[in-house]
Amino acid sequence: MTVYAFSLFLHLVSVAVWIGGMFFALVCLRPASSELSPQQRLPLWEAAFTRFFTWVGVAIVLILLSGGHMMMGMGGLHARWPVHAMAGIGALMMLVFGHIRFALFPRLQRAVQAQSWPDGAAAVNGIRRLVILNLVLGVVVIGLAASLRS
């Protein structure tokens, strides 16, 4: 396996973890947890996000390293426009994730600890909206990546 192929492998696995996790949270976990009371649902979300955000952090590091390596192999600043678009959208996704992780998630943690269920629900709702945004952006990036193969 070449270094480029290994970079592509790490990149794709990391993207799958991040995008797949967001899809699972929105399409599977959210509807299933909606039947729970806030006292059960919000600690569940806190625990799930704690684990997921750790993996997203690892995925982001791997995406940056592998994506940077592959971009250099595609000509760096002279790479085709979809590569630059993927990098730009990926950077935006990372900023959105940073806001979720370091602004909204601590609000959820504080609300769960204080058993302030309305505040916790508001935090989860804010996280949900930004996860939807990141999921849409992630699908756009996947489409751009597919366009490079043609």
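Student: Which residues have the most contacts inside the largest nonpolar core?

Tutor: Please note that this is a predicted model, in which local features need pLDDT of at least 70, side-chain atom pairs count only at pLDDT 80 or more, and totals for chains, interfaces and linings use all residues. Residues are numbered from 1 along each chain as its sequence is written, and side-chain values use heavy atoms, with hydrogens and water left out. A nonpolar core is a set of buried Ala, Val, Leu, Ile, Met, Phe, Trp, Tyr and Cys residues joined through side-chain atoms within 4.5 Å; buried means under 20% relative accessible area with a 1.4 Å probe, protein chains only. Here the largest core has 38 residues, and those with the most contacts inside it are Trp 18, Met 22, Met 93 and Leu 108.

Student: Which elements give two or more residues to this core?

Tutor: Helices are DSSP runs (H or I, at least four residues), numbered from the N terminus. Helix 1, helix 2, helix 3 and helix 4 each give two or more residues to this core. Helix 3 gives the most, with 12 residues.

Student: What does Trp 18 touch?

Tutor: A contact means heavy atoms within 4.5 Å. Leaving aside residues up to four places away in sequence, Trp 18 touches Phe 52, Val 56, Ile 60, Ile 63, Met 93, Met 94, Phe 97 and Asn 134.

Student: How many cavities of 30 Å³ or more does the structure hold?

Tutor: Rolling a probe the size of a water molecule over the atoms shows where empty space is left. On a 1 Å grid over the protein atoms alone, a cavity is a set of points where a 1.4 Å probe fits but cannot get out, and its lining residues have an atom within 4 Å of a point. Points are joined across faces, edges and corners, and a volume is the space filled by probe spheres set on them. The structure holds 2 such cavities of 30 Å³ or more.

Student: Which residues line the second largest cavity?

Tutor: Its lining consists of Trp 18, Met 22, Phe 52, Phe 53, Phe 97, Ile 100, Val 131 and Asn 134.

Student: Which helix supplies the largest share of the lining of the largest cavity?

Tutor: Helix 4 does, with 4 residues. Among the lining residues are Arg 30, Trp 45 and Arg 128.

Methods. 1 Å grid on protein atoms, 1.4 Å probe; cavity = no way out; pocket = protein on both sides within 12 Å on 5 of 7 lines; lining within 4 Å. Buried < 20%, exposed > 50% of the residue type's maximum accessible area, 1.4 Å probe, protein only.
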